[in-house]
Amino acid sequence: MRPRMFFAGSAIVLLGIVIPLPAAASAGSHKFSDLQVLSGPSPFAGGCPGALADNKKITGDEIEPAITSNPANRRNIIATWQQDVGLGARSDLIGTSLDGGKTWAHSTIPRLTACTGGTADFASDPWISAGADGTVYFSGTSGSASSDPPPVAVVASHSNNGGRSWQAPVTVAPLDPRNDTDAVTASPTRAGHAYLVWGNWDHQYHFPMTNFLRFSRTTDGGATWSPATVIDQAGPTAIDFSGRILVLRGRTLLTIFARADLATGRGELLAARSPDEGRTWLPPVQIGSQPVRTIVDPETGVELPQPGFPTAAARDGTVYAAFEASTSASSGAIGLAMSRDGGRTWSASTVPGVSAFAFEPSIAAGSHGTVGLTWYDLRNDRPGDAALTTDVWLAQSHDSGATWRQTHLAGPFNLRAAPLGSHGLGEYQGLAALPGRRFAAIFTLAAPLAKDEPTDIFFATIPPGAR
């Protein structure tokens, strides 16, 4: 179980200054005719013979998608997600398009789990990123169900043909029940360079804790990875998790990550800089903080999804971070922070037009000040009926976050139809910038929209100025 984090209210007080909200534009409605199911029927319907706890996996349950666009091929889009989820997933899958998202082919990471010729009982936490030379990098976790908490390894793979086939995974961090929440980022300028961040913390919360946010990099296209170094060490009662690495000018890296202090009940959003491509890291600066809260569905008592995973992007000298900012089951927001000096200082606000319980934002930055943001919220739910009505929303800015236009992207669907309680959609979704000020969105939907129940991964191409 991962901690729940909350950072912002309707306006964040940061460094003693109340930052005004960005100007709002009217919400619109757009029919995304290219909204399509990406996941399809499970390739592991017969299970994974020999994998421990395989009978706990839910065939057809797909969650936690990530997506990237290949800068070396404008029409190449690559996605990943967890397939058949229970205690972890039977495997992480890959979806590849070579025609801008019109058609897709599926593939697997060979020897990632027992389902694909390996020995691991499960996989989890898939992430994906394409580099300047067209190399596509995958990171994830794979583990053993032999003990609780399960030992988990951080692994990485790469593809040299746009995601159609993959190398067997390389172990970046060996089996350890403390490993969690990885993400990989390829360099947009340096061929063969990519960067991986993950959390390493005591999942049983034995105080005092010694917890780390760790880092590794490859400079040879994913063939080898450097020994782990430390981005940040939390205090004896706190954990760092959900790191996201951004590549800034020169060799500067910026990691956005979350921290939960279990003794004080405070959650923080932090940013740490490295001036030398991850060899050393400066102390992190705080973007924002708020008390940790647990928010439940008042009709069922089930915890609502609020994983607290920040999402981040950088383009043209501006860094963007978005995060959950709900305060109750009926009142919420998506927080938005921006930095124009490489993550040293931040201004923060909330996305206009969001007031219902909102969760799992995904942000991406394109050219010429174009920014996209997707999230789920419950604004259309009717208390007292059988469903927890949920929709996916989109906001776009064409002036680097100064103003936004919002539109409905997908839904409605019934959040209660997703299995696994508050983890029913996974803990993050995906958004990537495409050429021509477009975006590629990927997200999880449940019944009645899921075609292969209980959940499916959906994909949509978002044109500029969709409304």
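**Salt bridges and a disulfide**

Okay, let's start with Asp297, which forms a salt bridge with Arg416, the closest N and O atoms being 2.9 Å apart; salt bridge here means a side-chain nitrogen of Lys or Arg within 4 Å of a carboxyl oxygen of Asp or Glu. Asp297 sits in the loop between β21 (285-291) and β22 (311-315), and Arg416 in the loop between β29 (403-414) and β30 (430-434), so the pair ties together parts 119 residues apart in sequence. Strands, by the way, are DSSP runs (E, at least two residues), numbered from the N terminus.

Quick caveat: this is a predicted model, with local features needing pLDDT of at least 70 and side-chain atom pairs counting only at pLDDT 80 or more, while totals for chains, interfaces and linings use all residues. Residues are numbered from 1 along each chain as its sequence is written, and side-chain values use heavy atoms, leaving out hydrogens and water.

So, is Asp297 buried or exposed? Buried, at 3% relative accessibility, whereas Arg416 is partly exposed at 25%. The cut-offs: buried is under 20% relative accessible area, exposed is over 50%, partly exposed is in between (1.4 Å probe, protein chains only). Salt bridges that share partners also join Asp232, Asp240, Arg259 and Glu268 into one network.

How many salt bridges turn up in the whole structure? Nine.

Now the cysteines. Cys48 and Cys115 form a disulfide, sulfurs 1.3 Å apart; the rule is a pair of cysteine sulfur atoms within 2.5 Å. Cys48 lies in the loop between β5 (36-37) and β6 (58-69), and Cys115 in the loop between β9 (105-108) and β10 (122-130), 67 residues apart.

Key: Helix = DSSP H or I, 4+ residues; strand = E, 2+ residues; numbered from the N terminus.
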